[in-house]
Amino acid sequence: MSFERDLLAGPAAAAPALTSAAASARGLPRLLRGLSFGIAGDLDGHLEAYGPLPAPRELGARTLIKLVEHSGLCGRGGAAFPTATKMRAVRAARGRPIVVANGCESEPISAKDALLLHELPHLVLDGATLAARAVGADELIIAFEESNSTARRSLEYALAQRRDPVRVELFVAGERFLSGQETALVSQINGGPPKPTFTPPRPTDRGVRRRPTLIHNVETLAHLALIARHGAEWFRALGTEAEPGSRLVTVAGAVGAPGVYEIECATSLRTLLGAAGGTTAELGGLLIGGYFGSWLPAGAIGALDLSRASLARHGAALGCGVLVALPASSCPVAETVRIAIYLATETAGQCGPCVHGTAAIARTLHGIAEGKAPRNAFADLRRWTAELPGRGACHHPSGLARFVSTALSTFAEQFDDHARHGPCRRCDGEPVLEFPASALALA
Ligand SMILES: Cc1cc2nc3c(=O)[nH]c(=O)nc-3n(C[C@H](O)[C@H](O)[C@H](O)COP(=O)(O)O)c2cc1C
Ligand code: SF4
């Protein structure tokens with residue numbers, strides 16, 4: 001989903017979730033509250049919508065980190081790592097710390113970070129300056145993708161109205177699937193290629209300009225901005241003990257109103273689909289967690305809530321918060337093969353198992369889809385997708401392996417049918433899973 005499409009579909013589509021009585025009775029929206037104020041970068045409107053930030057003397061660094069710890073806030077960039085733990089690590093590291101707000105959003109379907117940067121830049125800036133306060137940093141870098149020119153305009157407009165106690169730099173990252181991975185982002189900011197590096201050292205010890213670096217997704221920072229205002233108990237009033245708060249989710253595919261929604265953590269899948277206008281067609285499957293995520297059968301909808309535990313029982317995770325409802329009229333084999341080829345072309349090309357493994361998986365899947373695969377193709381795919389996870393400097397091979405292995409189990413019949421008879425009549429339909437046009441030449 002492109003940002004332009006999201007501008008049309010996202011905030012407008014999110015409106016039912018924002019205004020439904022059930023949602024507002026639960027205290028939603030929180031992050032997206034400012035959307036209904038129509039403030040788009042205006043500081044007075046932002047303060048009217050969210051209220052002022054507590055000053056440093058009211059909320060010092062140590063209290064702030066304790067507050068974050070009590071709130072249970074975890075990263076919204078994909079890995080759900082506890083935010084306070086990362087802050088403590090940066091604070092304890094040797095050297096002058098620096099903060100990076102990660103707004104790259106390299107997952108092609110996700111639109112939440114672009115929405116925050118464009119519509120609610122002050123919320124992100126509030127959170128980023130608080131993160132700097134927590135770790136004692138006086139420099140802050142806000143990173144976003146090259147194609148997201150609206151983020152730059154919006155941030156520049158917002159920054160011109162603020163007097164922050166930190167130096168703020170905007171950084172334009174590359175337009176690749178790996179650009180937002182934290183060590184790849186550090187490499188780019190340091191003038192290197194958009195490639196992940198082996199850890200240790202972790203960015204928390206040695207990152208940007210060899211300094212301890214706190215990297216957070218922009219949504220994580222936006223939550224921080226509200227936790228500092230309202231406290232840990234307020235944050236915990238939504239969600240569960242294990243997964244408190246709210247989160248942003250991008251819903252795409254066969255739903256009435258695709259777009260970005262703010263949901264209570266661990267809510268049911270039915271609630272989310274209902275907020276997104278309900279399904280508009282019979283579903284063939286669900287993709288949860290984006291292109292590093294898992295395919296599930298459509299029949300899982302009734303039983304599933306979006307908690308880590310419930311998703312883990314199905315071998316899934318919400319990751320950066322992407323849900324795709326695949327209509328039964330689309331070919332799941334064609335969709336899977338296209339994305340597997342895209343992901344294989346997005347390898348950073350520096351770890352042997354990743355380079356060869358992802359290419360072999362994509363090639364073999366393509367052979368199956370064409371009905372031209374050797375007899376042992378499925379056995380090879382099962383072996384490779386089991387061996388690949390963890391075999392590289394980053395999670396790219398693990399992500400692709402999960403995407404493919406869950407497709408093979410969820411759509412076993414359809415894969416088998418393609419292996420025997422070649423392309424089906426749905427193969428040429430309009431693709432549901434999108435990726436950047438710049439990658440089209442490669443895939
Ligand atoms: C291949 C790959 C791509 C990623 N892309 C992004 C991204 O675009 N934006 C983002 O915030 N995190 C991305 N991440 C996660 C980051 O590496 C990092 O965990 C995150 O920015 C930390 O922020 P958080 O603690 O607030 O979640 C990516 C991870 C991987 C493995
Ligand atoms: S695992 Fe793959 S994508 Fe990650 S750094 Fe190595 S080659 Fe690049």
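## The lining of the largest pocket

By class, the residues that line the largest pocket comprise 15 nonpolar, 27 polar and eight charged. The model described here is a predicted one. In this model the largest pocket holds about 1400 Å³ of space. Its lining is made up of 50 residues, and those nearest the centre of the pocket are Gly-77, Gly-78, Ala-79, Gln-181 and His-395.

The buried residues of H9 are Thr-183, Ala-184, Leu-185, Val-186, Ser-187, Gln-188 and Ile-189. Residues count as buried when their relative accessible area is under 20%.

The cover over these buried residues includes four strands: E1 (98–103), E2 (139–145), E3 (167–173) and E4. Just after H9, Gly-191 adopts a positive phi of about 95°.

## The enclosed cavity

Rolling a probe the size of a water molecule over the atoms shows where empty space is left. In this structure there is one cavity of 30 Å³ or more. The volume of the largest cavity is about 70 Å³.

The lining of the largest cavity consists of 13 residues, with Pro-196, Ala-348, Cys-351, Cys-354 and Cys-394 nearest its centre. Eight residues of this lining are nonpolar and five are polar, while none is charged. The lining of the largest pocket, by contrast, includes eight charged residues.

## The packing of H4 against H10

How are helices H4 and H10 placed, and at what angle do they pack? Helix H4 (residues 61–71) and helix H10 (residues 218–230) meet at an angle of about 105°, and their axes lie 10 Å apart. Angles of 65 to 115 degrees count as roughly perpendicular, and H4 and H10 are therefore roughly perpendicular to each other.

On the H4 side, the contact is formed by Leu-64, Leu-67, Val-68 and Ser-71, which meet Leu-224, Ile-227 and Ala-228 of H10. By class, six of the residues in this contact are nonpolar, one is polar and none is charged.

Note on methods: Residues numbered from 1 in each chain as written. Chains lettered and ligands numbered in written order. Predicted model: local features only at pLDDT ≥ 70, side-chain atom pairs only at ≥ 80, totals over all residues. Heavy atoms only, no water. 1 Å grid on protein atoms, 1.4 Å probe; cavity = no way out; pocket = protein on both sides within 12 Å on 5 of 7 lines; lining within 4 Å. Points joined across faces, edges and corners; volume = space filled by probe spheres on them. Nonpolar A, V, L, I, M, F, W, Y, C, P; charged D, E, K, R; others polar. Axes fitted to C-alpha atoms, helices over the stretch in contact; angles between N-to-C directions. Helix = DSSP H or I, 4+ residues; strand = E, 2+ residues; numbered from the N terminus. Parallel < 35°, antiparallel > 145°, perpendicular 65-115°, else oblique. Contact = heavy atoms within 4.5 Å. Buried < 20%, exposed > 50% of the residue type's maximum accessible area, 1.4 Å probe, protein only.
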